[in-house]
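Please read it with the structure open.

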Amino acid sequence: MTDDQGRAPAVVTGVDGSAEARAGLEWACAEAERRGWPLKVVHALSMPVVVSVYAGRTRFPPSEEISEQGRRILEKEADHARGLRPGVEVLTDLALEEPPAALLHRSGPGDLVVVGSRGFGPVRAALAGSAGIRLAARAACPVVVVPRPAEGRPVPLEPRRIVVGVDGSLDSQHALDFALHEAARIADSEVTVVNSWEAPTPFASQALIASGWTPPEDFLDRQSEEIVAGVLAEVMDEAVEHVDVSVVRTRKNPVEALVEAGAQADLIVVGSRGRGSVQGMFLGSVSQGVLHTATVPVAVLPHHTGSEE
């Protein structure tokens with residue numbers, strides 16, 4: 001995390017010369033313009049760490065050739081951003097660290113981090129790990145993961161249609177607040193609130209659940225309605241009251257419900273953890289599942305201390 005807590009907030013994005021990173025850069029640049037924030041473009045050289053008996057742990061210095069190649073990539077992407085949005089202040093930073101660490105160390109709680117994703121698919125992403133998931137798990141600010149553009153379909157740069165998952169937890173409350181204020185920056189925007197009934201009920205014993213018993217559907221429906229109404233009441237204010245809000249309440253798996261509702265959306269927003277998350281995981285199962293399968297940009301809000309697990 002950055003030590004410069006007194007500076008103005010920024011949109012921070014990483015570039016490496018790939019088409020996926022370029023998609024993330026373009027989304028980040030558009031977002032910086034919407035917010036009136038500077039755009040910080042970071043290129044990580046990923047220099048290896050050397051451990052010696054005498055010097056301890058030190059990072060191997062880059063050769064002039066490696067540094068020059070990094071500077072060329074950084075300036076090319078920064079110039080592309082300036083050409084797209086001339087009114088956005090574009091800053092550059094050449095880092096020696098791995099990409100996730102470089103972005104983490106150059107962002108703070110008031111910032112927004114945006115990264116492109118290669119879209120490996122759930123199995124490969126789970127095995128190899130991705131910068132987006134590592135960042136979303138550890139960042140102190142929201143992280144937007146922009147997937148590789150589908151064939152013939154550009155990445156939506158204006159999130160007019162936003163889908164957000166709500167389960168009654170404090171994390172999902174922050175996710176809804178983010179979604180509403182994001183939509184409020186764009187004319188004719190709309191937010192779809194998704195609440196899944198697939199959640200443990202406080203009065204059901206393990207024996208009942210194991211036997212296949214489920215609570216009555218009308219009870220789950222009422223509970224879902226109360227959860228959504230309660231969270232909406234907590235976050236609505238004058239700045240977002242004009243945003244068109246619709247609600248989808250379903251008994252589908254939360255990941256399936258969010259990805260399905262977000263298939264034609266421009267952005268999906270989730271909390272990093274919710275009621276169903278396993279304590280100690282880097283990310284909740286829902287946020288991980290959405291990151292692995294969504295075909296549109298996904299914003300993951302940081303975990304808030306004191307939120308319900």
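**Notes on charged pairs and cores**

1. Asp-93 is partly exposed, its relative accessible area being 22%. The model is a predicted one. Asp-93 forms a salt bridge with Arg-106, and the closest N and O atoms are 3.0 Å apart. Arg-106 is in the loop between H3 and strand E6 (112-116), while Asp-93 belongs to strand E5 (residues 90-95), so the bridge ties together parts that are 13 residues apart in sequence.

2. Arg-106 has a further partner in Glu-97, with a salt bridge at 2.8 Å, N to O. Arg-106 counts as buried because its relative accessibility is 15%, under the 20% limit. Glu-97 is also buried, with a relative accessible area of 15%.

3. Which residue forms a salt bridge with Glu-77? The partner is Arg-22, with 2.7 Å between the closest N and O atoms. The two residues are 55 apart and link distant parts of the chain, with Glu-77 in helix H2 (residues 64-84) and Arg-22 in helix H1 (residues 19-35). Glu-77 counts as buried at 3% relative accessibility, whereas Arg-22 is partly exposed at 22%.

4. The search of the whole structure finds 15 salt bridges. A network of salt bridges links Glu-31, Arg-34, Arg-35, Glu-182 and Arg-185. The charged end of Arg-34 is placed over the ring of Trp-27, 5.5 Å from its centre. The charged end of Arg-35 lies over the ring of Trp-37, at 4.7 Å from the centre.

5. How many aromatic pairs are there? By the rule applied here, the count is zero.

6. The largest nonpolar core has 42 residues, and within it Leu-39, Leu-176, Val-191 and Val-269 touch the most other members. With neighbours within four places in sequence left aside, the contacts of Leu-176 are Val-164, Val-166, Val-191, Val-193, Val-231, Leu-232 and Val-235. Another core, of 30 residues, lies apart from the largest one; among its members are Ala-102, Val-194, Ala-257 and Leu-291.

7. Is Ala-101 buried or exposed? Ala-101 counts as buried, because its relative accessibility of 18% is under 20%. Ala-101 is found in helix H3 (residues 99-105). The C-alpha atoms of Ala-101 and Ala-44 are separated by 9.0 Å, although these residues are 57 apart along the chain.

Notes: Residues numbered from 1 in each chain as written. Predicted model: local features only at pLDDT ≥ 70, side-chain atom pairs only at ≥ 80, totals over all residues. Heavy atoms only, no water. Core = buried A, V, L, I, M, F, W, Y, C linked by side-chain atoms within 4.5 Å. Buried < 20%, exposed > 50% of the residue type's maximum accessible area, 1.4 Å probe, protein only. Contact = heavy atoms within 4.5 Å. Phe/Tyr/Trp six-rings, centres within 6.5 Å; stacked < 30°, edge-to-face > 60°. Lys NZ or Arg CZ within 6 Å of the ring centre and 35° of its normal. Helix = DSSP H or I, 4+ residues; strand = E, 2+ residues; numbered from the N terminus. Salt bridge = Lys/Arg side-chain N within 4 Å of Asp/Glu carboxyl O.
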